[in-house]
Amino acid sequence: NMVQEVHGHATFKVGFLGSLEWEPNIEGLEWFVRTVWPTIRHQLPEANFTIAGRAPGLRVQSLATTEGVRVLGPVLWAAEFLAQQDVVVAPVLSGSGVRIKVLEGMAHGCAMVTTTRGAEGLSVVPGRQLVIADEPVAMAQACVALLSDPDERRRLAGEGQEFVRQKHSWQASIQQLLHVYRSALERCYGVS
């Protein structure tokens with residue numbers, strides 16, 4: 001069900017799921033809609049970009065005035081929303097730490113496109129488990145290529161899912177989180 005056929009041709013659904021009150025997400029979405037989306041839309045005029053997540057403020061809501069962009073707000077089931085998307089983007093320009101959203105997208109079998117910053121802390125091979133693009137044109141091209149190629153989407157999604165299974169099972173994640181929290185406490189409070 002990766003690609004929905006409508007009137008004999010594929011739909012092109014790009015999605016984002018994340019906290020819409022977190023500044024790096026807002027900044028990344030503004031960048032994506034202003035600099036990446038016009039190129040995607042120019043090449044695939046029927047493409048749609050859906051922004052989902054908690055608490056969309058005015059800055060996020062105003063992105064819906066762009067052609068082909070809609071702001072859905074909170075979704076009840078992340079898995080269901082992600083399953084409906086052809087490509088899921090995580091345009092991260094700032095902030096740090098392992099990207100839970102990128103891992104979540106891969107775990108749900110999504111074809112993910114993110115930035116170097118978005119994949120920070122993940123031992124991925126770019127182009128194998130997800131696509132990394134930092135320039136607007138490169139990210140637009142990556143999205144268009146995946147939207148146009150269901151087989152490549154399935155391959156990428158499958159590799160991404162396998163990566164999460166092997167490297168980021170709950171057991172592995174808990175150990176990593178404990179390590180992250182410990183070093184954060186040490187940095188902030190000198191506690192060890």
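Select T65, which counts as exposed at 73% relative accessibility. In this tour, a residue is called buried under 20% relative accessible area, exposed over 50% and partly exposed in between, with a 1.4 Å probe and protein chains only. The model is a predicted one, in which local features need pLDDT of at least 70 and side-chain atom pairs count only at pLDDT 80 or more, while totals for chains, interfaces and linings use all residues. Residues are numbered from 1 along each chain as its sequence is written, and side-chain values use heavy atoms, with hydrogens and water left out.

**The surroundings of T65**

T65 belongs to the loop between α2 and β5 (69-73). Helices (H or I, at least four residues) and strands (E, at least two) are DSSP runs, numbered from the N terminus. Display S62 as well: its backbone oxygen is reached by the side chain of T65 at 2.7 Å. This is a polar contact, that is, a pair of N or O atoms within 3.5 Å; within protein, one must be able to donate a hydrogen and the other to accept it, and residues adjacent in sequence count only if both atoms are side-chain atoms.

**The whole chain**

Now zoom out to the protein chain, whose secondary structure comes to 7 helices and 8 strands. Of its 192 residues, buried ones make up 42%. A contact means heavy atoms within 4.5 Å. Among contacts between residues at least 6 apart in sequence, 62% join residues at least 24 apart.

Is E30 buried or exposed? E30 counts as buried, at 12% relative accessibility. Leaving out residues up to four places away in sequence, E30 touches R59 and L63.

Move on to T35, also placed in helix α1. T35 is partly exposed, at 31% relative accessibility. The T35 side chain reaches the backbone oxygen of W31 at 2.7 Å. Then draw a line from the C-alpha atom of T35 to that of A140: the two residues are 105 apart along the chain, and the line spans 8.8 Å.

**The largest nonpolar core**

In soluble globular proteins, nonpolar side chains tend to be buried together. A nonpolar core is here a set of buried Ala, Val, Leu, Ile, Met, Phe, Trp, Tyr and Cys residues joined through side-chain atoms within 4.5 Å. Select F32, I40, F49, I51, V89 and V113, which touch the most other members among the 33 residues of the largest core.

Centre the view on I40. Apart from neighbours within four places in sequence, I40 is in contact with F32, A47, A140, C143, V144 and L147. Another core, of 18 residues, lies apart from the largest one; among its members are V102, C110, V124 and V164.

**Where α4 meets α6**

Two packed helices are described by the angle between their axes and the distance between the axes. Show α4 (residues 100-107) and α6 (residues 150-167), whose axes come within 7 Å and cross at roughly 115°. Such axes are lines fitted to C-alpha atoms, for helices over the stretch in contact, and the angles run from 0 to 180 degrees between N-to-C directions. On the α4 side, select L103, M106 and A107; on the α6 side, they meet A157, G160, Q161, F163 and V164. The contact is formed by 6 nonpolar residues, 2 polar ones and no charged one. Ala, Val, Leu, Ile, Met, Phe, Trp, Tyr, Cys and Pro count as nonpolar, Asp, Glu, Lys and Arg as charged, and the others, Gly among them, as polar.

Select D86, in the loop between α3 (78-84) and β6. D86 is buried, with a relative accessible area of 2%. A polar atom of its side chain lies 2.8 Å from the backbone nitrogen of K13.

L93 is in the loop between β6 and α4 and is partly exposed, at 31% relative accessibility. Beyond residues up to four places away in sequence, L93 touches E27, G28, W31, T115 and R117.

End at A55, in the loop between β4 and α2 (58-61). Most residues other than glycine have a negative phi. A55, although not a glycine, has a positive phi of about 55°. At 39% relative accessibility, A55 counts as partly exposed.
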